[in-house]
Amino acid sequence: MHNYMAFMKKYSLLFAFLASGLASSAQSFLSLDSAIAIVLKKNYNILIAQNNYQIASNNHAPGEAGMLPDISLNAGYSGSNNTIDQKYSTGLELNKSDVVSSTLAPNIGLTWTLFDGTKMFIAYDQLGLLKDEGMLYVKEAMQDNIAAVIQAYYNIVQQKELLMVLDSNMALYKEEMDIADEQYKIGTGSKLNFLQAEVSYNIQRSAYFRQQVSITNAIVQLNQLIELPVETSYMVSDSIPMNRTLVYDSLKKNMIAQNPSLMLSQTNIKVAENSLKEVNAMRLPTLNLGLSYGLSRTQSNAGFALLNQSQGISGGLTFGWTIFNGSIINIQHKNAEINELSAKLNFSQAQLQENAALLVAYQQYEDNIKILKMDEDNFLIAKENVYVALEQFRIGTSNIVQLQQAQTSFASAGSQVATDRYNAKVSETQLLQLAAQLVK
């Protein structure tokens, strides 16, 4: 709970800073932490989960479990106006009209279940488990949304990296076009080469503008996710940081200890066990205490008794024990045992699913890191190759077809590295989410 509050405090401060920053400038810098702060502050699923947790926290109280007494104050007043016609054995007769009488009866009472077969203590534990479940649902909602924000944020970075590749490639095509133009003017090259270079350059410009649209769309997607106005514009990081040292055993250990889905399944087992205890408690007797202090006052202006008043304390103990109720308790006991078994089976199934998901995600992560390293090396080769091809084309030792092949390889290698980085980041995020490391 302390870690959770520290986590929320960190991002609350970031959100307060961001709220003033984004409002003042359309091109503010939006960091990943700031985007996470916004989604934690505004996401409906998180807010609903937090409200449910607050309700469960409020309910985790001794009185809600039936451990405290009930005290009530009651008061009654009644009046009448009658005509009296009374004859007594002594020969006395009483005849009177408009006889007014009134009765006042205030009372304060206490009822307290002293023993109910330990059900009240079990109920209190059950309320505590529901509170724990509420916190786990909050963490699960936070994990899901943080993972989504990370992927959406770095998708923008990926799209910008792809734009940079296109920008570099466009510069190469522009230089190729200038060289072809110069060669044509001095008579060492053909106009066909110049026209081909110009067409290729224009194709790159078109791709560049389309990529700018992709960046805008990626920003809109993030704005929708963190519930900012869709037209909000900002700068983001210019690179995707990569953790290349994640260890499977450590991730699995953290997942077993902290994964919200697994912890929810474990809590459900405890809830089922408590339900079985509640059924068993129904076999035991109950003992209730009742106390009351009351006043009863009756007045009449005619009749045998003109005033009748009593006051004082009354109380007693009530003992109850259900000996037989049509085998209902036995049936409930069997059903509770089945529910407990089902909860344990659900936990085993959740363990299997989460272990499988972690292993698949880690293998994908390792593959993506290896692919990224190979493609980074390949990009360096493609970069050197394209500059060599450009120089050879400049001095006339290679043709435009060879140069454009090198340029195509350079663009493809650069784009692949940008895609690889994003894919590796997605795999890393999935691993950290499974290991419950996105929310400490």
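Q: Which residues in α8 do L172, E175, E176, I179, A180 and Q183 in α4 meet?
A: In this predicted model, the axes of α4 and helix α8 (residues 328-395) come within 10 Å. The α4 side of the contact is formed by L172, E175, E176, I179, A180 and Q183. Their partners in α8 are V386, Y387, L390, F393 and R394.

Q: What is the orientation of α4 to α8, parallel or antiparallel?
A: The axes of α4 and α8 cross at roughly 10°. Angles under 35 degrees count as roughly parallel. The orientation of α4 to α8 is therefore roughly parallel.

Q: How many charged residues has the contact of α4 with α8?
A: By class, the contact of α4 with α8 includes seven nonpolar residues and one polar residue. The charged residues in this contact number three.

Q: What is the orientation of α4 and α7 to each other, parallel or antiparallel?
A: Helix α4 (residues 119-186) and helix α7 (residues 260-281) have their axes 10 Å apart and pack at an angle of about 165°. Angles over 145 degrees count as roughly antiparallel. The two helices are therefore roughly antiparallel.

Q: In which hand of crossing does α4 pass α7, and how many charged residues are in the contact?
A: The crossing of α4 past α7 is left-handed. The residues of this contact include 10 nonpolar and six polar ones. The charged residues number eight.

Q: How many charged residues are in the contact of α2 with α4?
A: The contact of α2 with α4 contains 11 nonpolar residues and one polar residue. The number of charged residues there is none.

Q: Is L40 buried or exposed?
A: L40 belongs to helix α2. The relative accessibility of L40 is 3%, and values under 20% count as buried, so L40 is buried.

Q: With which residues is Q159 in contact, leaving aside its neighbours within four places in sequence?
A: Q159 lies in helix α4. Its relative accessibility is 13%, so Q159 counts as buried. Beyond its neighbours within four places in sequence, the contacts of Q159 are Q211, S214, I215 and A218.

Q: How far apart in space are Q159 and G109, C-alpha to C-alpha?
A: Q159 and G109 are separated by 50 residues in sequence. Their C-alpha separation in space is 73 Å.

Q: What is the phi of T118, and where is T118 found?
A: Most residues other than glycine have a negative phi. T118 is not a glycine, yet its phi is positive, at about 70°. At 33% relative accessibility, T118 counts as partly exposed. T118 is found in the loop between β3 (93-115) and α4.

Q: Where is E227, and what is its phi?
A: E227 is placed in the loop between α5 (191-226) and β4 (234-235). With 25% relative accessibility, E227 counts as partly exposed. Although E227 is not a glycine, it has a positive phi of about 60°.

Q: What radius of gyration does the protein have?
A: The protein contains nine helices and six strands. Along its principal axes, the C-alpha trace spans about 155 × 50 × 35 Å. For a compact globule of 440 residues the radius of gyration would be near 22 Å, whereas the protein has 40 Å.

Definitions and conventions: Residues are numbered from 1 along each chain as its sequence is written. This is a predicted model: local features need pLDDT of at least 70, side-chain atom pairs count only at pLDDT 80 or more; totals for chains, interfaces and linings use all residues. Side-chain values use heavy atoms; hydrogens and water are left out. Axes are lines fitted to C-alpha atoms, for helices over the stretch in contact, and angles run from 0 to 180 degrees between N-to-C directions. Helices (H or I, at least four residues) and strands (E, at least two) are DSSP runs, numbered from the N terminus. Angles under 35 degrees count as roughly parallel, over 145 as roughly antiparallel, 65 to 115 as roughly perpendicular and the rest as oblique. A crossing is left-handed if the near helix is turned anticlockwise from the far one by less than a right angle, and right-handed if clockwise. Ala, Val, Leu, Ile, Met, Phe, Trp, Tyr, Cys and Pro count as nonpolar, Asp, Glu, Lys and Arg as charged, and the others, Gly among them, as polar. The radius of gyration is taken over C-alpha atoms; the globule rule is 2.2 Å times the number of residues to the power 0.38. Buried means under 20% relative accessible area, exposed over 50%, partly exposed in between (1.4 Å probe, protein chains only). Contact means heavy atoms within 4.5 Å.
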